[in-house]
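Open the structure in your viewer and colour it by secondary structure. The tour below says what to select at each stop.

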Amino acid sequence: MVKNFRKRLLRAAIILLLAVFWCGGSMTVFVSAASSGSSASGSCSIRVTLKSESDSIVTGGELTLYHVARLNGNRYTRTTDFVGCTDISLNTRTISSSSTAATLAEYAQKNAIQGAAAANESGTVIFSNLDQGLYLIVQTQAAEGYNVIGSFLVSVPLLENGVWVYDVDASPKVEAVSTSDLDDPDDPDDPDDPDDSDDPDDPDDPDDPDDPDDSDDPDDPDSSDDSGGSDDPDDPDDPTLPQTGQLNWPIPLLAGSGMLLIFVGSLLVWSGRRESRMD
């Protein structure tokens, strides 16, 4: 009787493990298909709308789009232009960092990489017919009266509320140029001091012709502030980057299965000892 119970318990544990691994494998295939091949090539788009701190539309300036990496399953594969940028790794954690975008923007400028430039005439720039992958957006020309926004990364498609979005919207904030960023006017020069003259009532002591009077330097203005200096503008807030989705539900399921196996193993050991004592 004890042997039959042990066999049934072992059979149930094996069936449970197979069911868990089958569910996990099915979900992995679904995510891979949705992120790597469920949309036709060139069917994605990124819409960038520049807004001020008061949430009003900002026009002017220029934005440039760079294709950094292609989406290969759940991994990023660098394009030919950025294959030499090995200082950073590309994953769902690093692409949300402003330092990653800044490093890629510096690499693109240093290596004269050609991107897709678009003028911001209406406050909204749309980059269409894009393949799935990771894109870098750089403001190569600031709007009049505003500072340059920080470079940021966008991954398409984007998982939102369990749905893959292939037309992604981004609305970075733009800071206005403050009065402290303007050049300070130069201080006026001090007037020159007049030369000292000889005493006209003392004709007996003429001046030495070989020893002229020392005169003050006529061009001795006070040091003025550097006319070209200006305060560094404050860095704009880090844009919040859209991130691809991650599956966390299998973790508690696998943990519960492990605990169940430990319980089943303990029960089997106990029943084996009991059976040996009965023999």
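**Stops on the tour**

Begin with strand β8 (residues 152-156): five of its five residues are buried, so β8 is largely enclosed by the rest of the structure. Buried means under 20% relative accessible area, exposed over 50%, and partly exposed in between (1.4 Å probe, protein chains only). Strands (E, at least two residues) are DSSP runs, numbered from the N terminus.

This is a predicted model, in which local features need pLDDT of at least 70, side-chain atom pairs count only at pLDDT 80 or more, and totals for chains, interfaces and linings use all residues. Residues are numbered from 1 along each chain as its sequence is written, and side-chain values use heavy atoms, with hydrogens and water left out.

Show the side chains of β8. F152, V154 and V156 point one way, while L153 and S155 point the other way.

Two strands count as paired if DSSP finds at least two bridges between them. Select G133: its bridge partner in β8 is V156.

Next, select strand β1 (residues 44-49), which pairs with β6 in the antiparallel sense over five bridges. Here I46 stands opposite F127 in β6. These strands belong to an open sheet of three strands in the order β6-β1-β11, with mixed pairing. Its edge strands, β6 (124-130) and β11 (167-170), each pair on one side only.

Finish at strands β3 (residues 62-72) and β4 (residues 75-78), an antiparallel pair with four bridges. A69 faces R78 in β4. Two residues lie between the strands of this hairpin, where G73 takes a positive phi near 70°.
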